[in-house]
Amino acid sequence: DKEGGPAQVASGHEGTAQTLHFGDTETNFTLLQALIVQEAAEYAAAYLDCHSDRDIFVKRHRTCLAVGDAEIASIWARYEEFKPHYPKLRFIGRDEIARIEPNVVKGRDPNEPIAALFSPDGYIVNYGRLAESLIKDAKAMNPLLETHYRTLITRVERTESGYDVYTDRGIFRTKALIVTAGGYSLVIAKQLGYGLDWEIGPVGGSFYRAKIRDLVNGKVYRPQ
């Protein structure tokens, strides 16, 4: 890793909203996409639940707040489609929203219709610490495992026996190579002849962080 530790860029604690995505309250996912995300999230959740003493995560509920008749109709249709696959998912109205997330309702026009999708299972994850935990467990299982930080990859070349990874600290030779470098992964893939017809465009995601504790009690999404 080119940084001083694992998962400090795209997975750094200030680089994401620290959400473990299950796909039900995130309306940018279709059902098919959500089920793929759900399977992966359940693996992560199982690991987190087994390591609750490591200060990696906290559990909170998740809501997707709909405002106005059109958004409410949209999330109701989503609820009907998703509930066979997400048994804990619920559709809730203003009174229950006010009980669960009072500041979401406080000061809002009482005549403005609102509703929400609600799930009690939400994980807020420090993914940097999660990576550190995974490495710790991996090294416990295999003491020969090595990690190298402050190590910048300059290029990767395919060889007859595998790959040569050129870095500012020498060449690493390997039979198998997995690259998890966020947007930089495509650069390395193209060096190996993959993804030549792909490009990456920057798209900004939005999330809010408040200095006031308990402004909201869990994750609050909006329809996307």
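**A chat about the fold, cores and surface**

Student: For contacts between residues at least 6 apart in sequence, what share joins residues at least 24 apart?
Tutor: The share is 66% in this chain. Keep in mind that this is a predicted model.

Student: Okay. How many helices and strands are there?
Tutor: The chain has six helices and seven strands. In sequence order they run α-β-α-β-α-α-β-α-β-β-β-α-β.

Student: And the overall dimensions of the C-alpha trace?
Tutor: It spans about 70 × 45 × 35 Å along its principal axes. The chain has 224 residues, and 33% of them count as buried.

Student: Let's go inside. Which residues have the most contacts in the largest nonpolar core?
Tutor: They are L20, F22, L48, Y123 and V125, in a core of 26 residues.

Student: Which elements give two or more residues to that core?
Tutor: Those are α1, β1 (57–67), α2 (69–82) and β3 (114–125). The largest share is from α1, with seven residues.

Student: What does L20 touch, leaving out residues up to four places away in sequence?
Tutor: L20 touches A41, A44, A45, L48, Y123, V125 and Y127. Two of those names, Y123 and V125, were also on the list of residues with the most contacts in the core.

Student: What does the second core include?
Tutor: It is separate and has nine residues, including L65, I92, V105 and A116.

Student: Back to α1. Is Q38 buried or exposed?
Tutor: Q38 sits in helix α1, residues 31–50. It counts as buried because its relative accessibility is 13%, and the cut-off for buried is under 20%.

Student: Which residues is Q38 in contact with, beyond its neighbours within four places in sequence?
Tutor: F22, H85 and Y86.

Student: New topic: how do β5 and β6 pair?
Tutor: They pair in the antiparallel sense, over five bridges. Strand β5 covers residues 163–167 and strand β6 covers 170–174. Together they form a hairpin, with two residues between them.

Student: Which residue in β6 is the bridge partner of D164?
Tutor: That is R173.

Student: Where does L215 lie?
Tutor: L215 is in the loop between α6 (185–191) and β7 (219–221).

Student: Why does L215 count as partly exposed?
Tutor: Because its relative accessibility is 39%.

How values were computed. Residues are numbered from 1 along each chain as its sequence is written. This is a predicted model: local features need pLDDT of at least 70, side-chain atom pairs count only at pLDDT 80 or more; totals for chains, interfaces and linings use all residues. Side-chain values use heavy atoms; hydrogens and water are left out. Helices (H or I, at least four residues) and strands (E, at least two) are DSSP runs, numbered from the N terminus. Buried means under 20% relative accessible area, exposed over 50%, partly exposed in between (1.4 Å probe, protein chains only). Contact means heavy atoms within 4.5 Å. A nonpolar core is a set of buried Ala, Val, Leu, Ile, Met, Phe, Trp, Tyr and Cys residues joined through side-chain atoms within 4.5 Å. Two strands pair if DSSP finds at least two bridges between them.
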